[in-house]
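The notes below are meant as a briefing to be read alongside it.

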Amino acid sequence: MPARRSHRLIRVGTALAAAGLLAAAPADSPVNVPEPAGLHEGVQQGYTPKTLSGAVVVDIAALDALMPKQPLLIDVALADRKPANFPADRPWLPAHRSVPGAVWMPNAGAAPLDPVREDLFLKRVEALTGGDKAKPIVTFCHPDCWGSWNAGKRLVRQGYTAVHWFPDGIEGWQDKHETAVVREDPEWARKPVSAGER
Amino acid sequence: MKSALSLILSASLSAAILAGPVLSGPVLAAGASDTDAERAARWQEIAKLVFGDRKIAPTDSLIRIDAPNRAMDAALVPITLTMPEKDKIKAVHFVIDDNPSPYAAHFTFGPAADPSELKLRVRVNNYTNVHAVAETKDGGLYEAVKFVKASGGCSAPMGMSDEEAMKGMGDMRMKFSGEAVAGKPVEATLMIRHPNFSGMQMNQVTRDYTPARYINKLVVTAGDKTVFTMDGDISIASNPVINFGLIPEPGKPIKVAATDSQGGSWEHSFNAPSPSN
């Protein structure tokens, strides 16, 4: 893996140097990452596949085009982690900026996920879609983040027929649009988080 | 540290890549949007915590921020603060509004300082306003603001083991530029080897978070006089580099004393550039 990654980074560097421009989004990875049979159970950060079977992969233009249909926007990005030894007398003010209107369920794309949490995730989506399996849904987190891929996969498996995966995530959005401070979904926040999940 | 990025995928690099010209058209105008109000409210919240009820006036003349509109590396965003009316300046505060720990640095200048220009490198977590607040000797507070596009800097791994990142911790170098003329300021660059772990960086192999460990205090003196003291934070980039102006005391060393949040403490002494005449 390191070799592949460095290869990509070199390529990016070359592109930068050659064109004086920056390369395309990270989802456009030079290596073909295959879709795992099930969920991705490794580290969340890393190259992701170009596809998600049963879902539509969207870039910012496609997402913009989808927005008039008022899709359910599901952000599974991790919350900023407060360092355990952070001094008590310094301001700690995490603010999660995301796509305006998104429902933020931090780390809902983890795998394996505590079955209680997984069930809650699916229940929340069911409630938020009003049980309409055909309602457009968009899952996202950050670039090179498996969390949103897993979240999308979970919904495809659950029978949702209009799942969209937006791999460029919050960075892809904020490059073109304003973000909004989004609070954690209250139902998601209410449940205890298993140790080690963060 | 950049070469190390080739080993481990860096969130900051991802952000830099994303910040591409694919979307280099006009950024959606904020206008008098909710976002502007939200960002203003955020700044008010931070300002209240840092400055209490003290009033902060906007300024075009007392302090200016230069930073890239788009940072190539969100973990290493260069910031230049310019304070042309240097004799009025007592201190400067630097705030990265949307970082979870927004209060990045506080510099207090002493009699051996030339505060006309100060440079440092910081971590930026998200597209954000950054604020620099100059504190004048008469007690006034004056703010400048700039929007910076960078993302992922606080959690970006250094791309090496913690042990490797801590190698030589506390080593320092200082370089001077400009001709030394008695009584005139020179520009100094202080480089400190220190990972300045943010506590938000995950070790990609063990999946543990590296505990925060950062330079929390820096005192620079020229002879018997203080140049500046700095209160630091996790938002300062690894291997801190600080450019500043100072007025050397002929024949007397420039001393740097640093402490970190885990009890580390280092002192180094440098020969001041001596005037040739």
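The model is a predicted one. Chain B contains three helices and 15 strands, and buried residues make up 46% of its 277 residues. Among the contacts in chain B with a separation of 6 or more, 71% are between residues 24 or more positions apart.

**Confidence in chain A**

- The pLDDT of chain A averages 84, and 81% of the residues score at least 70.
- Over residues 1-28 of chain A, however, the pLDDT is below 50, although this stretch has 42 contacts in the model beyond near neighbours in sequence.
- Where pLDDT is low, the predicted coordinates should not be read in detail.

**Helix H2 of chain B**

- Helix H2 of chain B runs over residues 34-51, and because its 18 residues should span 26 Å at 1.5 Å a residue, the distance of 25 Å between its end C-alpha atoms agrees with expectation.
- The buried residues of H2(B) are B:Arg39, B:Ile46 and B:Ala47; seen down the helix axis, they fall within an arc of 105 degrees, so they line one face of the helix.
- An α-helix has 3.6 residues a turn, so residues three or four places apart point the same way.
- The face of H2(B) turned away from the buried side carries the exposed residues B:Asp34, B:Ala37, B:Ala41, B:Gln44 and B:Lys48.

**The six-stranded sheet of chain B**

- Six strands of chain B form an open sheet with antiparallel pairing, and their order is S2-S3-S6-S13-S10-S9.
- Strand S2 (64-66) and strand S9 (172-177) of chain B stand at the edges, and because each has a single partner strand, one side of each is left without a neighbour in the sheet.
- On average, neighbouring strands of this sheet are turned by 20 degrees against each other, direction ignored.
- Strands of a sheet pair through backbone hydrogen bonds, either parallel or antiparallel.

Notes: Residues numbered from 1 in each chain as written. Chains lettered and ligands numbered in written order. Predicted model: local features only at pLDDT ≥ 70, side-chain atom pairs only at ≥ 80, totals over all residues. Helix = DSSP H or I, 4+ residues; strand = E, 2+ residues; numbered from the N terminus. Expected span 1.5 Å × (residues − 1). Buried ≥ 20, exposed ≤ 12 C-beta atoms within 10 Å, placed from the backbone. Arc of directions from axis to C-beta. Pairing = 2+ DSSP bridges. Axes fitted to C-alpha atoms, helices over the stretch in contact; angles between N-to-C directions. Contact = placed C-beta atoms within 7 Å. pLDDT = per-residue confidence, 0-100.
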